[in-house]
Amino acid sequence: MNQWKNFSKGFFKENAVFVLLLGLCPTLGVTTSAFNGLGMGLATTFVLTMSNIAVSLVKNVIPDKVRIPSFIVIIASFVTVVELVMQAFVPDLFAALGIFIPLIVVNCIVLGRAEAFASKHTVLTAAIDGLGMGLGFSMALTILGSVREMLGSGSIFGLKFLPGDGMLVFVLAPGAFLVLGYLIVLVRKINRKGA
Amino acid sequence: MAKKESTFASMALTLFLVTLIASTVLALVYEVTKEPIEEARRIKKMNAIGEVVPAFNNDPGTEVRKLATDRDTLYFYQARMGDTITGIAVESYTYKGFSGLIRIMVGFLPDGSIYGISVLEQAETPGLGDKILKAKSLDKATGLSWSSQFVGKNPGSYRLSVKKDGGDVDAITAATISSRAFCDAMQRAYDGFRKVSGEKESVSGDGNKQEHETE
């Protein structure tokens with residue numbers, strides 16, 4: 001398989017958020033600002049890449065019937081590693097993302113890639129797939145966070161460019177659905193042109 | 001790519017090995033990150049204490065008293081300049097927030113008046129209840145925020161409840177629940193402060209304050 005295609009599919013053709021609509025719980029929950037979106041995206045990228053590597057390494061020694069529990073243990077371990085490291089070195093980001101970090105465990109993309117991709121491919125291919133899907137996820141979350149932050153708080157990455165509060169609804173839950181909906185329309189349109 | 005047979009023994013062995021490796025890795029990471037995590041928490045707490053009490057030259061983190069109240073514990077950090085107590089920082093909490101728990105650090109002067117307040121933990125609605133945070137309700141022209149109204153007040157005479165409930169506190173517009181919760185946490189801090197400082201007067205002079213932890 002062409003590795004570049006393998007890497008880049010996560011950004012548009014198979015973008016986890018905009019096209020596959022997977023992992024929407026953290027997507028909608030944490031993207032109140034661009035920085036939160038990026039932080040969550042990168043944490044997920046790390047977990048996705050590492051668990052893809054680990055799963056493709058052990059795919060031949062794990063009996064079929066216990067593969068899901070084994071994958072979950074592998075994923076949960078990497079998530080806990082991320083959680084501890086973030087708590088130690090970026091406590092502010094950890095406080096902002098809160099409950100959503102441990103919830104990476106149940107993000108469908110991570111188990112989805114492990115089960116559908118990494119358990120059938122070589123280590124390198126799986127790693128590139130994890131990295132691509134993860135960065136695509138980060139991109140989606142950052143875009144979503146940026147739009148919500150711009151409309152809702154009048155700032156981007158914490159830099160204020162408009163005085164006042166902005167349209168509050170975009171920082172709250174309904175705004176997440178609204179912005180995501182319009183972004184999906186946009187990505188669909190771009191993808192159709194490309195095809 | 002012959003998959004391994006799913007026999008009882010192979011399944012049990014695989015799961016055992018996977019969990020063994022996972023727990024070993026986690027134990028290692030835990031050991032490595034344990035100190036930085038504690039350090040980060042300590043710095044955060046020290047910053048909060050520094051914000052809410054006047055200048056001090058001791059380490060309030062080592063002069064802690066605890067008081068168990070309903071559902072949780074209050075922590076008292078004593079700030080001293082030499083032998084004079086400059087203030088007491090009280091770590092207080094409330095579960096009555098719009099989104100549950102709010103943790104605050106309140107600094108009292110020895111006479112009981114409020115010197116400063118810092119919010120440690122909250123999940124109130126962005127744009128409404130989160131105005132309890134200094135940064136979210138700061139008026140750049142005056143340098144005052146919503147919680148500034150408490151500064152300099154002595155809860156002995158100042159009623160810590162919103163005006164709607166007959167108190168002296170101006171509630172945040174459209175966030176009465178958050179304001180009420182904030183007052184609740186403040187009141188809890190003050191009650192604890194009274195209790196602890198009252199006790200201290202009765203044992204004053206014996207110098208081993210740390211051993212007088214109340215349960």
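This is a predicted model: local features need pLDDT of at least 70, side-chain atom pairs count only at pLDDT 80 or more; totals for chains, interfaces and linings use all residues.
Colleague: Among contacts in chain A between residues at least 6 apart in sequence, what share joins residues at least 24 apart?

Modeller: The share is 74%, where two residues are in contact if their C-beta atoms, placed from the backbone, lie within 7 Å. Residues are numbered from 1 along each chain as its sequence is written, while chains are lettered from A and ligands numbered from 1 in the order in which they are written.

Colleague: How many of the residues of chain A count as buried?

Modeller: Of its 195 residues, 45% do. A residue is buried if 20 or more other C-beta atoms lie within 10 Å of its own, exposed if 12 or fewer, and partly exposed in between, with C-beta atoms placed from the backbone.

Colleague: What makes a set of residues a nonpolar core?

Modeller: Its members are buried Ala, Val, Leu, Ile, Met, Phe, Trp, Tyr and Cys residues joined through C-beta atoms within 7 Å. The largest such core has 45 residues, and A:I75 is one of those with the most contacts inside it. Helix 1 of chain B is among the elements that give two or more residues to this core. Helices (H or I, at least four residues) and strands (E, at least two) are DSSP runs, numbered from the N terminus.

Colleague: Which strands of chain B pair over six bridges?

Modeller: Strand 4 and strand 5 of chain B do, in the antiparallel sense; DSSP must find at least two bridges for two strands to pair. One bridge joins B:V106 to B:I117.

Colleague: Why does strand 1 of chain B stand at an edge of the sheet?

Modeller: The open sheet has the order 1-2-3-4-5 in chain B. Strand 1 (64–69) has a single partner strand, so one side of it is left without a neighbour in the sheet, as with strand 5 (114–121) of chain B.

Colleague: Where in chain B is confidence highest?

Modeller: Strand 4 (residues 100–108) of chain B is highest, at a mean of 89. Over residues 202–215 of chain B the pLDDT is below 50.

Definitions and conventions
pLDDT is the predictor's confidence in each residue, from 0 to 100.
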